[in-house]
Amino acid sequence: MSFMVEEGIDLGHKISKNGIEVDKAKIEVIFKLPPPTSVKDVKCFLGHVGFYRCFIKNFSNVVNPLCKLLEKDAKFHFNDDCMRSFVLLKFKLTTTPIITTPNWSIPFELM
């Protein structure tokens with residue numbers, strides 16, 4: 001994201017003078033994702049959400065049921081805990097604010 005622009009897209013979020021909004025095109029794709037049906041699907045999904053892990057509170061606790069599907073010699077059984085984890089992650093990726101704008105009326109530092 002460059003400074004001195006009126007609006008832009010950063011990490012899948014539209015940033016403008018109106019604040020931060022989720023990019024509508026990204027929401028639709030994530031929203032329509034079906035639950036994983038194989039270990040490969042789980043790995044792909046976790047790879048995508050892993051990029052946003054620092055923005056999702058208690059990330060490791062949320063993904064734990066899905067990670068258990070990846071354990072060696074584990075049977076693939078997508079149970080209710082896995083479904084709750086999957087739905088919660090999709091919700092966290094498609095709602096704002098994942099990032100918040102600074103309060104321009106008080107001093108702050110960019111690091």
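Helices (H or I, at least four residues) and strands (E, at least two) are taken here as DSSP runs, numbered from the N terminus. The model is a predicted one, so local features need pLDDT of at least 70 and side-chain atom pairs count only at pLDDT 80 or more, while totals for chains, interfaces and linings use all residues. Residues are numbered from 1 along each chain as its sequence is written, and side-chain values use heavy atoms, with hydrogens and water left out.

The chain has 4 helices and 3 strands, and from the N terminus on its elements run β-β-β-α-α-α-α. Of its 111 residues, 28% count as buried (under 20% relative accessible area, with exposed meaning over 50% and partly exposed in between; 1.4 Å probe, protein chains only).

Take helix H2 to begin with. H2 covers residues 39–50, and its 12 residues reach 16 Å from first C-alpha to last, close to the 16 Å expected at 1.5 Å a residue (the expected span being 1.5 Å times one less than the number of residues). Val42, Phe45, Leu46, Val49 and Gly50 are buried in H2. Seen down the helix axis, these buried residues fall within an arc of 130 degrees, so they line one face of H2 (the arc is that of the directions from the helix axis to the C-beta atoms). Over on the other side of H2 sit the exposed Lys40, Lys43 and Gly47.

H4 spans residues 80–94, and its 15 residues reach 21 Å from first C-alpha to last, close to the 21 Å expected at 1.5 Å a residue. Its buried residues are Cys82, Ser85, Phe86, Leu89, Lys90, Leu93 and Thr94. They fall within an arc of 155 degrees seen down the axis of H4, so they too line one face of the helix. Exposed Asp80 and Arg84 are carried on the face of H4 turned away from the buried side.

Salt bridges (a side-chain nitrogen of Lys or Arg within 4 Å of a carboxyl oxygen of Asp or Glu) number 2 in the whole structure. One joins arginine 84 to aspartate 81, with the closest N and O atoms 2.4 Å apart; these two are 3 residues apart in helix H4, separated by about one helical turn. Arginine 84 is exposed at 53% relative accessible area, whereas aspartate 81, at 41%, is partly exposed. Glutamate 28 and lysine 32 form a salt bridge as well, their closest N and O atoms being 3.2 Å apart. Here glutamate 28 is partly exposed at 46% and lysine 32 is exposed at 60%.

Aromatic pairs (ring centres of Phe, Tyr and Trp, the last by its six-membered ring, within 6.5 Å; planes under 30 degrees apart are stacked, over 60 edge-to-face and the rest tilted) come to 3 in the structure. In one of them, the rings of phenylalanine 51 and tyrosine 52 have centres 5.1 Å apart and planes at 85 degrees, so the pair is edge-to-face. Phenylalanine 51 is exposed at 52%, but tyrosine 52 is buried at 11%. Phenylalanine 78 and phenylalanine 86 also pair edge-to-face, at 6.4 Å centre to centre and 75 degrees between the planes. Phe45, Phe78 and Phe86 form one aromatic cluster.
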